Amino acid sequence: MFLRSAGVSSNWHVPVVALSLDVSARLDLELCVKLTYVAHGLTLRTTRAKEANMLGTTDLASSRQEKSDARLNIRTKASIKAAIEKAAELSGMDLSTFTTNAAFLRAQDVIAAHERTVLAPVDHAAFFNALERPAAPTKKLLAAAKLHREIVADSE
């Protein structure tokens, strides 16, 4: 992103330093920077692609090779809608695209968390050790297996 003074030659450009911040801090920083430029008569010169890249946003929904014909309607509080609209604008996306992408990313995270188990190295070793060398069955386990066989045999 570069800024250009409205009253100075178009050859005067100042690069903005990229900072490593979390998303909410980047959005706050972007808003502060934009307000500062406006207050000092400066204009931002950036493309939506550059802005989206700086904010770490990409349009995942549009990159899918499917027709967008499914509808999703939600009811929310006005303050939440305003925050989403602000974030969408700062990300350079329309409200529908921003909301779809945010929901899709969260859905992928939730699905992945339920489909995958991550173990610490010590737990990983203990788990596979138990699979490879199971303990001998206890009397209670043998009794439970016998009861199970009797119940299953009776139901057939």
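A residue counts as buried when its relative accessible area is under 20%, and as exposed when that value is over 50%. By this criterion, helix 6 (residues 139–155) lies largely in the open, because the number of buried residues among its 17 is zero. The model described here is predicted.

**Overall architecture**

The protein chain contains six helices and three strands. Read from the N terminus, its elements follow the order β-β-α-β-α-α-α-α-α. The chain has 156 residues, of which 13% count as buried. As for contacts between residues at least 6 apart in sequence, 63% join residues at least 24 apart.

**Helix 6**

The geometry of helix 6 can be checked against its length. The expected span of a helix is 1.5 Å times one less than its number of residues. The 17 residues of helix 6 should therefore span 24 Å, and the end C-alpha atoms are 25 Å apart, which agrees.

**Aromatic pair and nonpolar patch**

A pair of aromatic rings is described by the distance of the centres and the angle of the planes. One aromatic pair is present in the structure. It is formed by Phe127 and Phe128, whose ring centres are 5.2 Å apart and whose planes make an angle of 85 degrees. Planes over 60 degrees apart count as edge-to-face, so the arrangement of Phe127 and Phe128 belongs to that class.

Phe127 and Phe128 also contribute, together with Leu119 and Leu131, to a nonpolar surface patch of about 370 Å². Leu119 is located in the loop between helix 4 (95–115) and helix 5 (121–132). Are Phe127, Phe128 and Leu119 buried, partly exposed or exposed? Phe127 is partly exposed because its relative accessibility is 43%. Phe128 falls in the partly exposed class with a value of 36%, and Leu119 is likewise partly exposed, with a relative accessible area of 36%.

**Salt bridges**

Two salt bridges are found in a search of the whole structure.

| Salt bridge | N to O distance |
|---|---|
| Lys81 and Glu85 | 3.7 Å |
| Glu132 and Arg133 | 3.6 Å |

Lys81 and Glu85 both belong to helix 3 (residues 78–91), where a spacing of four residues separates them by about one helical turn. An α-helix has 3.6 residues a turn, so residues three or four places apart point the same way. Lys81 is partly exposed, since its relative accessibility is 43%. Glu85 is also partly exposed, at 35%.

In the salt bridge between Glu132 and Arg133, the distance of 3.6 Å refers to the closest N and O atoms. Glu132 and Arg133 are both exposed.

Technical notes:
Residues numbered from 1 in each chain as written. Predicted model: local features only at pLDDT ≥ 70, side-chain atom pairs only at ≥ 80, totals over all residues. Heavy atoms only, no water. Phe/Tyr/Trp six-rings, centres within 6.5 Å; stacked < 30°, edge-to-face > 60°. Buried < 20%, exposed > 50% of the residue type's maximum accessible area, 1.4 Å probe, protein only. Helix = DSSP H or I, 4+ residues; strand = E, 2+ residues; numbered from the N terminus. Patch = residues over 30% accessible without salt bridge, like charges linked within 9 Å, V, L, I, M, F, W, Y side chains within 5 Å. Areas by Shrake-Rupley, 256 points an atom, 1.4 Å probe, with all protein chains shown as cover. Salt bridge = Lys/Arg side-chain N within 4 Å of Asp/Glu carboxyl O. Contact = heavy atoms within 4.5 Å.
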